[in-house]
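Good morning, and thank you for joining. Please keep the sequence and the three-dimensional view open while I speak.

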Amino acid sequence: MPTNPKIFTARSSTSYYYNSRRSTILTLCFIIGFTGFIFGFTAISKRVLGGYNCKYAEPRSVSVAWDRRTSIGKGGGAMVEKESGLTDGEYKRHKVMGFVGIQTGFGSVARRRSLRRTWFPSDHQGLQKLEEATGLSFRFVIGRTSDKSKMSALKKEVAEYDDFVLLDIEEEYSKLPYKTLAFFKAAYALYDSEFYVKADDDIYLRPDRLSLLLAKERSHSQTYLGCMKKGPVFTDPKLKCFRMFSNEDVTIGAWMLAMNVNHENNKQLCEPECTASSIAVWDIPKCSGLCNPEKKMLKLHANDVCSKSPTLPSEDD
């Protein structure tokens, strides 16, 4: 009868030693592998069964405080405080094409809710995909208040969405120009960006079209973009500083007119309705932004012309 090749009737001492050693190694590998499986299963169980919420290791929301010891005549030094703790003062600036700060306030909870249901993603993955696709970073920008209940509510919102820049300045309507100045200081401290964009929480924005606008080739290294309304510029020759107006947009516009920058007037940034080329939509001149933005934002987003129409090149391209 032919011998079954799978059966060995004899083995030398050398082969026995080899197979015994091999069995020991396999047993050890099995124990190590099984231990790893148990460890991995335990870790997953804590997340899935134990209700553990896995947060990003690096918080996206940050607080920016000013080191007033260096603020006299120098503009101040920024200290960046993450939600997980205070840094050592050295913050690595994130490189982006543009940083978009959505100016918001304590009375704008409903507006932020509508924004997160439309063009501003409410989850980390969605926001990261948007930033990777456009080269732009987006954060809500807000100051502080002495009202403990409002600060407590804000803290909960930050913990849930993690998409804020918190400024060390009182959030008050009459101080919006000062908040705007603090915003630009914070934006520069946080981001190594080609453009710093100030937007409000009551406009409907198309980030993809904004990205294309900012990516255009420009001969001037310093450019100010916006819907321009020319007017006089007031300065104080003794203090050598720019005048603060009651409206923060007028204030910034006046500052830019006094500087050696290229002014680019683009009406697509303030369209009264959605078109195939509109970048930002708001109800001008009826309202300073969208009228009743909490509802209007959702209504616009449901319109395919606003949210899904292809981005067309502008006439300047």
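I shall go through the disulfides, then a few backbone features, and finally one threonine.

The model is a predicted one, in which local features need pLDDT of at least 70, side-chain atom pairs count only at pLDDT 80 or more, and totals for chains, interfaces and linings use all residues. Residues are numbered from 1 along each chain as its sequence is written, and side-chain values use heavy atoms, with hydrogens and water left out.

Let me begin with the disulfides. A disulfide here is a pair of cysteine sulfur atoms within 2.5 Å, and the count comes to 3 disulfides. With bonded cysteines counted along the chain, their pattern is 1-2, 3-6, 4-5. For the elements I shall name, helices (H or I, at least four residues) and strands (E, at least two) are DSSP runs, numbered from the N terminus. As to accessibility, buried means under 20% relative accessible area, exposed over 50%, and partly exposed in between, with a 1.4 Å probe and protein chains only.

Cys-227 is partly exposed at 28% relative accessibility, whereas Cys-270 is buried at 7%.

Another disulfide connects Cys-274 with Cys-306, at 1.8 Å from S to S. Here too distant parts of the chain are linked, with Cys-274 in the loop between E12 and E13 and Cys-306 in helix H9 (residues 304-307), 32 residues apart. Which hand does this disulfide have? The disulfide of Cys-274 and Cys-306 is right-handed, because the torsion about the S-S bond is about 105 degrees. Cys-274 is buried, with a relative accessible area of 15%, and Cys-306 is buried as well, at 2%.

There is also a disulfide between Cys-287 and Cys-291, with S to S at 1.9 Å. A torsion of about 105 degrees about the S-S bond makes this disulfide right-handed. Cys-287 is partly exposed, at 23% relative accessibility.

I turn now to the backbone. Most residues other than glycine have a negative phi, and most peptide bonds are trans. Against that background, a cis peptide bond joins Ile-284 and Pro-285, with omega about -5 degrees. Pro-285 lies in the loop between strand E13 (280-281) and helix H8 (293-301). In the loop between E13 and H8 one also finds Asn-292, which has a positive phi of about 50 degrees and is partly exposed at 46%. Asp-162 has a positive phi too, near 55 degrees. Asp-162 is located in the loop between helix H4 (148-161) and strand E6 (164-170). Is Asp-162 buried or exposed? At 7% relative accessibility, Asp-162 is buried.

Finally, consider Thr-223, in strand E9 (residues 223-226). Thr-223 is buried, at 18% relative accessibility. A polar atom of the Thr-223 side chain lies 3.4 Å from the backbone oxygen of His-220. Contact means heavy atoms within 4.5 Å; leaving aside residues up to four places away in sequence, Thr-223 touches Phe-195, Arg-218, Asn-262 and Glu-264.

Thank you for your attention.

Methods
A polar contact is a pair of N or O atoms within 3.5 Å; within protein, one must be able to donate a hydrogen and the other to accept it, and residues adjacent in sequence count only if both atoms are side-chain atoms.
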